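The sequence and the model are shown below.

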Amino acid sequence: MLVLRHRRFAIRLHRRSVVVCAVLGAAIAATAVLALMTGSYALGPGQVLAALTGRESGIVHDIVVEWRLPRVVAALVFGAALGVSGAVFQSLLRNPLADPGIVGFSQGSYTGALIVILVVNGSYAQLVGGALLGGMATAVAVYVLAHRRGVQGFRLIVVGIGVSAMLASLNTWLILKADLDQAMSAAAWGAGSLNGVSWDQVAIGGACVAVLLVLAGTLSRPMRQMELGDDAAAAQGVRVAHTRLGLILVGVALTATVTAATGPIAFVSLVAPQIARRLARTAGITLAPAAFVGALVCLASDFLAQHVAPTPLPIGVITVVLGGGYLGYLLFTEARRRL
C-alpha cells in the first residue's frame with residue numbers, strides 16, 4: 001500500500017493497481033501510435049512522433065493531428081468515462097451485471113438524443129443536454145419503480161431491463177416515423193461510432209468527462225465503504241443516501257456525455273470494471289484501473305472497427321461482439337459458482 005500525503009490530503013494506492021495502470025498505459029500508448037500510423041496513407045512511427053511534437057508539417061501533420069488524433073483521443077476519453085461509469089454502478093449494486101446499458105440508462109440517453117436529432121433538429125450542445133436529461137429521467141424512473149423498502153441491486157437490474165426494452169421500442173418508433181435521411185443518420189449513430197468525430201466534440205465531451213471523473217474520484221472512498229453495506233458505511237460516517245445519489249448522478253452523466261458524442265457504445269462499461277478487478281486483484285471495484293481498461297478496450301475496438309472489414313464499421317459492432325462473449329462467460333461462471 002502506497003500513501004501519498006500533501007498537507008491535509010492523503011491518497012492510498014495499491015501497489016499492484018499502480019503497476020497494472022502503468023502496464024495498461026504503455027499498452028494504450030502503443031495502440032494509439034499504431035492507430036495513428038495505420039490507414040490508407042501509411043506512416044512510420046517516426047513520422048507520427050514528429051507530427052505530434054510539431055517537427056513535421058504538411059500532409060503528414062494534417063493526417064496525424066487533424067484527422068486521426070481526434071478519433072484516438074475520443075476513444076481514450078470516452079472509453080475511460082464508460083469504464084468509470086460501469087465501475088460506479090457495479091460497486092453501488094454489488095453486482096457484476098450492473099451496467100448502464102443493461103439497466104436502461106444508455107437507452108434513456110439515446111432517447112433524449114434522438115428527440116433532439118429527429119424532433120428538435122438541435123445543435124450539438126442541445127444534443128448533450130437532451131442525452132443528459134434522457135439519462136437522468138430514466139435513472140429516476142428506474143429508481144422509483146425499483147424502490148420498495150429500499151433499493152436492492154437485483155430488483156433495480158430487473159426493472160432496468162424492462163425499462164430499457166420499452167425505451168428501445170420507443171427509439172425504433174421514433175426512427176421509423178422520421179424522415180428517411182434523418183432516420184438513416186440516427187440509426188447509424190445509434191450503433192455507436194467515432195466516425196467524423198472532431199476536435200470540438202472532443203473538447204466539449206472531454207471537459208465534461210474530466211469534471212465528472214474528478215467528482216467520481218472524490219466519491220471513491222465512500223463508494224468502497226458502501227460495498228460493506230449501508231449500515232457499516234453509515235457507522236463509519238458515510239452519508240449513505242447523499243453519496244448514493246451523487247454516484248448515480250455522476251455515473252449517468254458519464255454515460256450520457258459519451259452517448260451524446262458517439263451514440264451508445266455497448267458493453268464497455270460492463271467488461272472494463274470486471275477485467276480491471278481481475279488484473280488488479282482488489283477486493284472491490286476500483287476506478288482508476290477500470291478507466292484504463294475502458295480506454296484500452298474502446299481504442300482497440302475502434303482500431304478493429306476501422307480495419308477488420310473493407311468498409312469501416314461503427315465501434316459498437318465490435319464492442320457488442322466482445323462484450324456479448326464476455327457476458328456469456330460471466331453468466332456461465334456465476335451459474336457454476338451458485339451450483
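## Asp-302 in helix α13

Asp-302 is placed in helix α13; helices are DSSP runs of H or I with at least four residues, strands are runs of E with at least two, and both are numbered from the N terminus. The model is a predicted one, in which local features need pLDDT of at least 70, side-chain atom pairs count only at pLDDT 80 or more, and totals for chains, interfaces and linings use all residues. Residues are numbered from 1 along each chain as its sequence is written, and side-chain values use heavy atoms, with hydrogens and water left out.

With a relative accessibility of 2%, Asp-302 counts as buried, because buried means under 20% relative accessible area, exposed over 50% and partly exposed in between, with a 1.4 Å probe and protein chains only. When neighbours within four places in sequence are set aside, Asp-302 is in contact with Arg-71, Leu-194 and Ile-315, contact being heavy atoms within 4.5 Å. Leu-313 lies 11 residues from Asp-302 in sequence, and the two are 8.5 Å apart in space, C-alpha to C-alpha.

## Overall fold

The protein chain has 14 helices and 2 strands. Its radius of gyration is 20 Å, close to the 20 Å that the globule rule gives for 339 residues, so the chain is as compact as a globular protein of that length. The radius is taken over C-alpha atoms, and the rule is 2.2 Å times the number of residues to the power 0.38. Along its principal axes, the C-alpha trace spans about 60 × 55 × 45 Å.

Of the 339 residues in the protein chain, 49% are buried. Among contacts with a separation of 6 or more, 72% are between residues 24 or more positions apart.

## The cavity

How many cavities of 30 Å³ or more does the count give? The count comes to 1 cavity of 30 Å³ or more. A cavity is a set of points, on a 1 Å grid over the protein atoms alone, where a 1.4 Å probe fits but cannot get out, and lining residues have an atom within 4 Å of a point. Grid points are joined across faces, edges and corners, and a volume is the space filled by probe spheres set on the points.

The largest cavity holds about 60 Å³ of space. Its lining consists of Phe-89, Leu-92, Leu-93, Phe-105, Ala-139, Tyr-143, Leu-156 and Ile-248. Helices α3 (59–93) and α5 (124–146) are the elements that give two or more residues to this lining, and α3 gives the most, with 3 residues. By class, the lining has 8 nonpolar, no polar and no charged residues; Ala, Val, Leu, Ile, Met, Phe, Trp, Tyr, Cys and Pro count as nonpolar, Asp, Glu, Lys and Arg as charged, and the others, Gly among them, as polar.

Helix α5 has 23 residues and reaches 33 Å from its first C-alpha to its last, close to the 33 Å expected at 1.5 Å a residue. The expected span is 1.5 Å times one less than the number of residues. Buried residues in α5 include Leu-127, Ala-131, Gly-134, Gly-135, Thr-138, Ala-139 and Val-142. An α-helix has 3.6 residues a turn, so residues three or four places apart point the same way.

The loop between α5 and α6 (153–177) contains Arg-148. Arg-148 is exposed, at a relative accessible area of 64%. Val-60 and Arg-148 are 88 residues apart in sequence and 60 Å apart in space, C-alpha to C-alpha. Within helix α6 is Ala-168, which is partly exposed at 27% relative accessibility.

## Helix α12 and its flanks

Helix α12 (residues 268–280) has 13 residues and reaches 18 Å from its first C-alpha to its last, close to the 18 Å expected at 1.5 Å a residue. Its buried residues include Val-268, Leu-270, Val-271, Pro-273 and Gln-274.

Phe-267 is in the loop between α11 (240–262) and α12. Its phi is near 75 degrees, a positive value in a residue other than glycine, and Phe-267 is buried, with a relative accessible area of 19%. Just after α12, Arg-281 takes a positive phi of about 55 degrees. Arg-281 is in the loop between α12 and α13 (287–307) and counts as exposed, at 63% relative accessibility.

Key: On a 1 Å grid over the protein atoms alone, a cavity is a set of points where a 1.4 Å probe fits but cannot get out, and a pocket is an open set with protein on both sides within 12 Å along at least five of seven lines; lining residues have an atom within 4 Å of a point.
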